[in-house]
Amino acid sequence: MRGIRKDSNQLKGHPLTAQRCLLLDIIHNSSEPIDARELYRRASSKDRSVSMATIYRSLRLFKELGLIDKMRLGLMHSCYEISHSMEHQHIICQCCGKVIEFESPLLTELIRNLQREHNFNVTRAELCLEGYCQQCKEEAERNR
Ligand SMILES: [Zn+2]
């Protein structure tokens with residue numbers, strides 16, 4: 001799964017409960033931004049203990065943590081999607097083509113600041129760094 005690291009079982013100090021995990025999965029796998037009702041419908045079909053209150057509480061937490069973006073559709077209607085700034089970025093070796101994926105809270109922070117500064121809603125962020133990996137660097141040095 002792209003974007004969200006689940007290995008630590010923590011969301012910046014908030015326990016990543018099975019329910020929150022399920023909700024993030026649903027938002028992530030949704031082909032389009034999803035609203036709270038639809039999220040509830042899909043989540044409760046998999047876990048009957050999910051309530052509408054759980055949905056709203058989790059959405060607020062995810063939003064606070066920058067994991068999801070909220071989009072307003074009309075006055076009372078909001079949709080949510082996985083924050084693209086959370087998706088991982090790439091470092092690519094120009095020599096062997098190796099791709100290293102990375103995530104950086106600094107990048108997320110930068111995007112958040114730019115959004116605020118320019119009152120701009122960033123929906124996609126892609127950073128692609130090219131260079132030489134350790135192996136190719138060492139090889140080049142040996143052949144010099
Ligand atoms: Zn390489």
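Me: Which geometry does the site of the zinc ion have, judged from the angles among its donor atoms?

Reply: Please keep in mind that this is a predicted model, in which local features need pLDDT of at least 70 and side-chain atom pairs count only at pLDDT 80 or more, while totals for chains, interfaces and linings use all residues. Residues are numbered from 1 along each chain as its sequence is written, and side-chain values use heavy atoms, with hydrogens and water left out.

Donors are N, O and S atoms within 2.8 Å of the metal (3.2 Å for Na, K and Ca), and sites may look incomplete because water is not among the atoms. Four donors count as tetrahedral if all angles lie between 85 and 135 degrees, and the ideal angle for four tetrahedral donors is 109.5 degrees. Here the angles among the 4 donor atoms of the zinc ion are 102 to 113°, and the site is tetrahedral.

Me: Which residues coordinate the zinc ion, and how are the donor residues spaced in sequence?

Reply: The SG atoms of Cys93, Cys96, Cys133 and Cys136 coordinate the zinc ion at 2.2 to 2.3 Å, and the spacing of these donor residues reads C-x2-C-x36-C-x2-C.

Me: How many helices and strands does the protein chain have?

Reply: Helices (H or I, at least four residues) and strands (E, at least two) are DSSP runs numbered from the N terminus. The protein chain has 5 helices and 8 strands, and along the sequence they follow the pattern β-β-α-β-α-α-β-β-β-β-α-β-α.

Me: Is Cys136 buried or exposed?

Reply: Buried means under 20% relative accessible area and exposed means over 50%, with partly exposed in between (1.4 Å probe, protein chains only). Cys136 counts as buried because its relative accessibility is 12%, whereas Cys96, at 45%, counts as partly exposed. Of the 144 residues of the protein chain, 35% count as buried.

Me: Which residues have the most contacts inside the largest nonpolar core?

Reply: In soluble globular proteins, nonpolar side chains tend to be buried together. A nonpolar core is a set of buried Ala, Val, Leu, Ile, Met, Phe, Trp, Tyr and Cys residues joined through side-chain atoms within 4.5 Å. The largest such core has 20 residues, and those with the most contacts inside it are Ile27, Leu39, Ala43, Ile55, Leu59, Phe62 and Ile68. Helix H1 (18-29), helix H2, helix H3 (52-64) and strand E5 (78-82) each give two or more residues to this core.

Me: What does Glu81 touch, leaving out residues up to four places away in sequence?

Reply: Contact means heavy atoms within 4.5 Å. Glu81, which has its place in strand E5, touches Ile27, Pro33, Leu67, Ile68, Asp69 and Met71 when those sequence neighbours are left out. Glu81 is buried, because its relative accessible area is 17%.

Me: With which side chain does the side chain of Arg42 make a polar contact?

Reply: A polar contact is a pair of N or O atoms within 3.5 Å; within protein, one must be able to donate a hydrogen and the other to accept it, and residues adjacent in sequence count only if both atoms are side-chain atoms. Arg42, found in helix H2 (residues 36-46), makes such a contact through its side chain with the side chain of Glu38 (2.7 Å). Arg42 counts as partly exposed because its relative accessibility is 30%. In helix H1, where Gln19 has its place, the side chain of Gln19 makes a polar contact with the side chain of Ser49 (2.9 Å).

Me: Where is Asn119 found, and what is its phi value near?

Reply: Asn119 is found in the loop between helix H4 (105-118) and strand E8 (128-131), and its phi is near 50°, a positive value in a residue other than glycine. Asn119 is exposed, because its relative accessible area is 74%.

How values were computed: Four donors count as tetrahedral if all angles lie between 85 and 135 degrees; four count as square planar and six as octahedral if opposite donors are over 155 degrees apart and all others between 65 and 115; anything else is irregular.
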